[in-house]
Each structure stands twice: as C-alpha cells, then as structure tokens.
Amino acid sequence: MTKYVGKPIPRYDGIGHVTGATAYVDDINMPGMLYAKVLRSPVHKGVMKRIDVSGAENLPGVAAVVTAKDVPGKNRYYNDEQPVFVEDHIRYRGERIAAVAAVDEDTAMEALEKIKIEIEEQPPVFDPFEAMKPAAPKVRPQGNLWIFNSGESRVVTKGDVEKGFAESDEIVERTYTEKMNDMAAIEPHVAVAYTDASDRLLIHTVSQARHFHLGHLCPIFNLPLSKICLVGGTVGGGFGGKNEVQTEHVAGLLALKLRKPVKYRLTRQEVLQCTTKRGAFYFEYKSGVKKNGKVMAYKIRAVHDIGAYNTMGAYAVEKHSFYIVGPYDVPHVRYDGYAVFTNKPVSSSMRGFSTINVNYAHEVQMDLMAEAIGMDPWEIRFINAWREGDIAPNQWKVVAAGLIETLKKTAELEGVKLPPHLLAMSSQRR
Amino acid sequence: MKYPLSFTLNGGNVDALVKPTDTLLDVLKEKLNVQSPKRGCDTGDCGSCTVLLNGNPIRSCLTLALTVEGKNIQTVESFASKEGKLHPLQQAFHNHGAAQCGFCTPGILISAKALLEQNPHPNRKEIVEAISGHLCRCGTYLEVIEAIQEVVGQSGKEKGK
Amino acid sequence: MRKRGKGLSSIGYITGFFGGGDPNQAQIGLKMDGTFNLMMGTVDIGQGCKTALSQIAAEELDVPVEAITYTNSDTDIAPFCMGAFASRATFIGGNAILNACRDLKRKMKEFVGALWGVKAENLVVADNQIFLKDDPQKKMSMGELGAASTFGGGYLTGLGAYRPDGPFQVDPVTGAMPALCAASFATTVVEVEVDTETGGVEVIRSTQAYEIGKAISPLMCRGQINGGVAMGIGMALTESVYPYWPSGDLAVDNFGDYVLATAADMPEENRFAILEVPHPDGPYGAKGFSEMGANAMIPAITSAIHDAIGVWITEFPTTPELVLRALADKKK
C-alpha cells in the first residue's frame, strides 16, 4: 500500500492555470525588447544565388539582420543536417533564409520585404515513391534514401517468413496510408533571448528537452555551457513539436549580436507549414494465419516520408520496428523500413511517435485475418497476445506482459461476454 | 499614429496609446500586461484569446482595440473574490483536472462563466455547445464538462437532458 | 442514413528511447524547515510530471506531498534530463528520484547518527521524521533535522541518476535491439455512427483499459487517457497537413483547415480502467505512459466504420470524401 503514489491529487501547478498566474514564454516582456521575424524560402527547392539585406538594415526601427554568415559557430545542427539559415541549397518551402530584429513585429515584417533574394528555382519532389526512383530530383546530394547500417532499409528478420506463409491457411495483404500530422500545441513556438549582467546568454524556451537542446545550441553559438542557460520548464503543450530547436537559435543569435532582449515567436501559419511534423507513413502488410487463429508470419514494407532533413525521421523507422506486428507472438517476421527524403518540412517526433502508425496497421490487419478465418476479433487477439517471456521481433524478452488483462477488462466494461476458454487465459502462461 | 484608448478592465479604468491596427489581444498582453488571454492562432480559430466584452465572450485577437473604447472587458483575473477565493468554476476545473498545459484554460473559463450567467442550469448539450469553439490539444473536454456540471449541480437543479 | 458499428483494437507502447542510454539525474534537498526541494530537468508540458514525480519523492521519503517543491526552472539549476518525450519521465526520472531519495536518507541517518552517537543502521526515516528503530520516542521531525543540519554545518541533499542500458546499435542483419525499459498495453472498443449521405463519422462511445504498471498520479493518467481520445479522433477523421499526400498540393495554414477535435466531437463518455502489472524496474512498478492515449482509438475507428457500413478504409484521416468514395465503390 502506498501513501502518496496512487492518490488522485490535483495538479502541482494547477492553481496558476485557472487563475492566469501561470506564465508562458510569450508572457515575457522585457524593457527594450526587440521582436524578430524570419524571411522564409518561397520555393520548395532551389539554390539561393544572391542575398542583399541592406534595404532591411537601413529601415528605421531595425536593429540587425542576420544570415548564415552571421552564425558564430556551426550553421548546421541535429546530425549536422539542418541549417540555421540557408547557405545556398533550399530543400523545403519555409526554410529560414534571414532574420530581422526590430522595435516591433510590424517593422520586422516590413524589413523582410526589403531583403532582396535571387533564387534559381528547381523542380521539387513531394511524393516519396517518386523520390525513391533513380531519376528523381535529389533532395540532398547523397540521394533520397537514408542509409541504415542494414542498407537502404532498416531490416528486421525473425525466423523464416516464406516458411511461415507456407504453414499458414490464409494470407492477407493490405496497404495502409497515414497522412501527415501537426503536433498543434495551442501554444505556438516562441523564445525570448537576452544577455544578462554577466554577459551570459539566457533563453526563455518552450523546449521539452532543454539539456538535449543545449547540445544543439552550444555549437551554433560557439558557447560553452558556462555561458548559456535555458530557462523554462512550463510549456503550453508539446506533443513532440517542442523536441527540436525551432526558435531558440534565431532569438539567441540576435540577442548575442545586439546585447538586447529579443523575442521570436512563430505565427500559427509558420507552425503549421514550417516546423517539424509527423511525416506520412505508407505500409504494405502481408500476413499469414492458421485456421486455429495462430498468426504465423508477417512481411512488411514501410515507407516513411521524412521531409527535407533527417533529424528523427530515420529513428522513427527504427522505433516502430519494435511493434510492427503488434504486441503479439509471431514466429516469422521480415520488415523493411525506408526513410525517404522529400521537399517538405522535416518529419520528427509527435505523440505516439511512429508506433501509433504501426499500431494502426497491425490492428486492422488482425481484424482482416480474423475475418479471413471466420474468427471473432477478440479471440484472435487473445490467442496471439504476448505472454511473459515471449520474444518480440527485435529480440526483446517480454517483461510485465499485460495485454490479455486489458482485453478482459475492456470486454467486461463493454458488456461483452467472452467464452470461458478466453477468460481462462492470462499473460503469465500460454 | 497612435490614438488614446480608455476602457474598464476587470473593474478598473485603464488607458493606452494604440495603433488602429492593434487588436484587443495586442493591447491586453503587450501594453497592459494581462497574462491570462493567450495568443494561440491570431485568426480566431482556437479560442484561447477569449475575454468578456460587456459580459459576452469575444475573440480578442479579432477585435480591434479602438472598438472597445468605454466598454467593459473582463478576463480570468477578475474571477476570484476580492479576498482571493477562487470562483467555483476555477475550483471545479482544478479539482477535476480540467487543465493540463493550461494554455487554453482561461479562454474556456470565460465561455463557461458567460454560459452560467446567461443560463444557470444548462444541460450537457448546452455546455458542449458553449465550449465547442475552444481548441484544447491536451483534450481536457470531458473534464471541463464534468467541472461545469459540478458547478451547475452545486447551484441547484439541472434541466433534463 | 445513419449506421452504427463497433471496433476493437489492442496496442502496446515502449518506455524510453529505442536503443536506450537516455539518462536522468535528480537532486533532493532538505530545507531548513523540513520541507524539500526536488530539482529535476524534466519539463511539464501538461502531462503532469511535476505532480507525479513529486508523489514519487514524497512516497520514498514518507513525507507529505505538500512538503515537496518541484524545481525545474533553468538548466543551471536543473539536473540533466534527456527530455520530456518517449513516455520516459515517470520511469527514468522517477528512478533517478528514488536513487536521490535513498542517498538523502543515507545522509540523514549518518548526520543524526553522529549527532546522537548511534549507528546509522539503527535509524529509520519514516512518517515525516527520523527516529531510533529500538526507541521510536527518540526522534527528530524533518523540520528539526533541517534546522540542525543547516545550522550544524551539514548539507543534506540527495543525488541520484538513472540510465537505461545503452545506447545500443540496431543489429544490421536481424534488427535486434533487445534493451528496452518497459512496454505498456491498452485495449479499446469504439462505437461510431456513420452518416452515409455526408460521409461524416461520429464517435458515440469508447471503452478502454490501460495496463501501465502503476498509476502514480491517477488524475493525471485520466487526463492522458481522455486527452488521447480527442487526439485519436482528430488523427482518425480530420487531421492532415497535406490533405492529398503524396501530392504536395493545398498544404494547410490555419486551424480552420487543420481540424482538431472539439468538445462536440468527443463521445459522451469514455469508460476506462487502469490495470497494473508491476514492472520490476519501474518506480513503484510504474511503466511509461501518456503518449499512447491516442494509439488504439484510430484502428478501432477504422474497424467500427467497417462494422457500420461494410467497407474497409485503411487510410487516415478517414474524411467524408474517403467514406463516400468507398461507399460508391462498394455499390459498383
């Protein structure tokens, strides 16, 4: 029996949420604070030949304009992939080209219009299936497929799928198409950066992972940890969209240059169109099942549209390989997962991260297999559900299995009368 | 060119110098440092900027500041009593876990208060309609409805569904 | 015509980084009045980690939750946290807290042991005080200990860290990656109503069971479960940044086009239960939880649509356009 754990107590910080006392980053207004706006690429793919910021710099009310050449450290972060500002090649519409700090947002936006850029537009590729073809426009010089240590796809192999299919009574094939999502936290991304009395850079941030982001920001600013601090810890929703640096580098750069506080906040349009997304997934599932309900084999091909840069896109294809056939004991599995670059915003983490996508496929596939053998959808799940000690496709040994118990409880709450042989099942034994 | 603006905010008179293009949200947050209304979308879709204008819930991000000259604006900061006791809605939201990240909560509280002032005994359908203009990505809707129902129940009878 | 149908789905979700090696640190200090400062890097994004992690500290020290201050304000003060993602905060952050609390208790016993001239192992930290095992009346409240240590030249602060095994590379041939914190499970049944004239789909009811090892903070858990229903409905039926993917046409730019679920889209009730199969390595048996609230909803909705109108639409969001096209194809 626990005294405090397990008690339904109200939120630690709940009072502030209902009184308005909770301060979010956009509530921070500092004396002399400047506002930043970013000029974003109007084209999906191209090469920037020339940029002339003098018109913006000379506008009254503008404090500074920065581009790639003004980054004190490395212009690329997260796997050395994403540029803070475009140097020459543009990979998606909305990529940052330049940033302006001005007395207010209206002046900053006016200044953006005064920046002259010359772009040689190139034909983009949005469709990952097109992008996989050899003749496709190259999103990046190394080609449009992320290369894993297993080659062009992340491979999972367990048992012998052809043997498994041969032993099956029914084979079910289906494709699953899952489109792009936005995390859509109601709080848009925003950062307020300033240098303090000790000339350290402090950034008020909506980051979900501040230490992780210091790892990205320190090389950009060329600052050791003794010179930078990220302030935050209370965020208006994340859902994975605040796991990447989206505003802190721009605000920080301007604050360092000007030694004045700078607020950089994204409009909802910028959040929806330019920040990281849950990229689309496409699956081809082929599975074999015996008449007695035992799922024997799965052959799966996955195509994940990871957008213009690889931050967490390739990781997504690995993470979900754990649950590709679901929380079920399947002896034969072959999985090939492709991470494909396209000229779209970067695909990164979002609630349920890539697992939510295979959960969809394996669950509908279970129903289709049940249909094929004339079995109840409850029964097929009971039969195949993991038991303690089963081995997942990634060779993980199941610990603290609990799926069957959730099936039983849901049936009970739903008023579904399960037959005794299913009620007798448990996660502890087969 | 800025113009003087004067209105009643949470029971007191306030003044500001505003541009014709400033929204009420701009003025509340950036000139008057009122924290509770939030800037979630600036296009009137999410509802987190909702405040009361002469007792009615409006989107402050779509309201030009100069149009509230002489009018009465209330935000969540006016809910608690003079002694700091939480309004029953605030207490109920807190007890039921109706706020998670909290960003959309002030806007929903405004709509809930306006509902109960206009209709002290709403049924569930009326409650849902009153708050359905608010986007909550954390998905607190069921807890919000429960909290409002508790306050309605506290105040006496509830109309049949 | 309006037709109803039901669908079932079961899912699992992992705790922590796939590949492991993602650490957290924790620090818990006794203040001079006997309350505590829990310092963590973990960000509260609404999931309620400040609440759950404070409950874990309170339980391990056996002091009231109100005595715990949760501090995470900046990276100078906050110990390392890999991030509030991958449903890792309760398990990995919680374990770091357990280690920090145990370190603190050890230091408390050493201090009081030296003060009273007794062996540290003869002392017990429980019930908001420290006392002699063999003579519980020989005791000191946490307040008295806070003052005695602060003004007695001591500094009672516990330090702890927890790192899951790893990081491990995925095996290039087999895809093996056997290191994993934990796996949580859920089953969902959904009932929908499909309007065959408009293609609209409404979620009427949902019933769920979640197995998460231990519900550390049940009100927070409910928030994640019910909140997941909203996100699941949005993903299943209306949300797409590129509505005609793989085409790049008509990318959305406002909430009018990127349609989230509202209160009007929720079922009137989401009946649920939380089950607990304790994980041997989790704090008080807890596994990771929170993200998975939306996962089971989506396939259950697809199955329910099939049950209602006899078509399998394995594409989401399953917009009215997709439903009407599927019905038209079925007629042919």
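Me: A polar contact is a pair of N or O atoms within 3.5 Å; within protein, one must be able to donate a hydrogen and the other to accept it, and residues adjacent in sequence count only if both atoms are side-chain atoms. How many residue pairs are in polar contact between chain A and chain C?
Reply: This is a predicted model, where local features need pLDDT of at least 70, side-chain atom pairs count only at pLDDT 80 or more, and totals for chains, interfaces and linings use all residues. Side-chain values use heavy atoms, with hydrogens and water left out. With both residues at pLDDT 80 or more, the count between chain A and chain C is 70 residue pairs.

Me: Which helix of chain A gives the most to the side that touches chain C?
Reply: Helices (H or I, at least four residues) and strands (E, at least two) are DSSP runs, numbered from the N terminus. Eleven residues on that side of chain A come from one helix, residues 355-373. The top contributor is helix H11.

Me: Which residue of chain A forms a salt bridge with Asp62(C)?
Reply: A salt bridge puts a side-chain nitrogen of Lys or Arg within 4 Å of a carboxyl oxygen of Asp or Glu. Eight cross the interface of chain A and chain C. For Asp62(C), the closest N and O atoms are 2.8 Å apart, and the partner is Lys3(A).

Me: What is the bridge partner of Glu178(A) in E12(C)?
Reply: Two strands pair if DSSP finds at least two bridges between them. Strand E10 (residues 170-178) of chain A pairs with strand E12 (residues 315-316) of chain C, parallel, over two bridges. In E12(C), the partner of Glu178(A) is Phe316(C).

Conventions
Residues are numbered from 1 along each chain as its sequence is written. Chains are lettered from A and ligands numbered from 1 in the order in which they are written.
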